[in-house]
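Subject: Structure for you to look at

Hello,

Here is the structure I said I would pass on.

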Amino acid sequence: MDDISEETFEEIKRLISLKKITICETCDNIFSYVPQKKFCDDCMREKKNAQKRKWREENREKEAARKRKYYEENREKERARKRKYYEENREKELARKRKYREENREKERARHRKYCEENREEINARRRARYHANKEK
Ligand SMILES: [Zn+2]
């Protein structure tokens, strides 16, 4: 308090007791008196932000769990919604897939080749079965 004279200090104390002003509890800013208000606007803002941040952090897990729960409980509805979306956007979706295939032709081909190699027995068996079925017709 060396830059505030004794008089000013007394004046401040007087104004505080008259509920004209308040000194911020965290930064010593002086602001006009408002009932229950203990902090200046800057500190209030800072506190609120910190609170929001804290809330978000504490509720991130909760929010994710809530969404998961909602999805579990509305699985049919969600599935129907997706189906509806797909039906309404069939052309767009098909175009998107076509585009993806064209852009990833090599990758797709490699994937197919890998699948064939890994399932050779099964594919051959299916082919044989189809062949025999056709012969019997
Ligand atoms: Zn303050």
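This is a predicted model: local features need pLDDT of at least 70, side-chain atom pairs count only at pLDDT 80 or more; totals for chains, interfaces and linings use all residues.

Overall shape. The protein has a radius of gyration of 36 Å, whereas a compact globule of 137 residues would come out near 14 Å. Along the principal axes, the C-alpha atoms fill a box of roughly 115 × 35 × 30 Å.

Packing. Of the 137 residues, 0% are buried. The contacts tell us about sequence range. Take those between residues at least 6 apart in sequence: 0% of them join residues at least 24 apart.

Domains. The domain assignment gives three stretches: domain 1 covers 1-39, domain 2 covers 41-88 and domain 3 covers 102-137. How far apart do the C-alpha centres of domain 1 and domain 3 lie? The distance is 84 Å.

Secondary structure. I count 6 helices and 2 strands in the protein. In sequence order the pattern reads α-β-β-α-α-α-α-α.

Helix 5. This one spans residues 105-118, 14 residues in total. From first C-alpha to last it reaches 20 Å, close to the 20 Å expected at 1.5 Å a residue. Is helix 5 covered or hardly covered? It is hardly covered: the count of buried residues among its 14 is 0. Helix 5 lies within the bounds of domain 3, which runs 102-137.

Best wishes

Note on methods
Residues are numbered from 1 along each chain as its sequence is written. Domain bounds come from an automatic or database domain assignment. Helices (H or I, at least four residues) and strands (E, at least two) are DSSP runs, numbered from the N terminus. The expected span of a helix is 1.5 Å times one less than its number of residues. A residue is buried if 20 or more other C-beta atoms lie within 10 Å of its own, exposed if 12 or fewer, and partly exposed in between; C-beta atoms are placed from the backbone. The radius of gyration is taken over C-alpha atoms; the globule rule is 2.2 Å times the number of residues to the power 0.38. Two residues are in contact if their C-beta atoms, placed from the backbone, lie within 7 Å.
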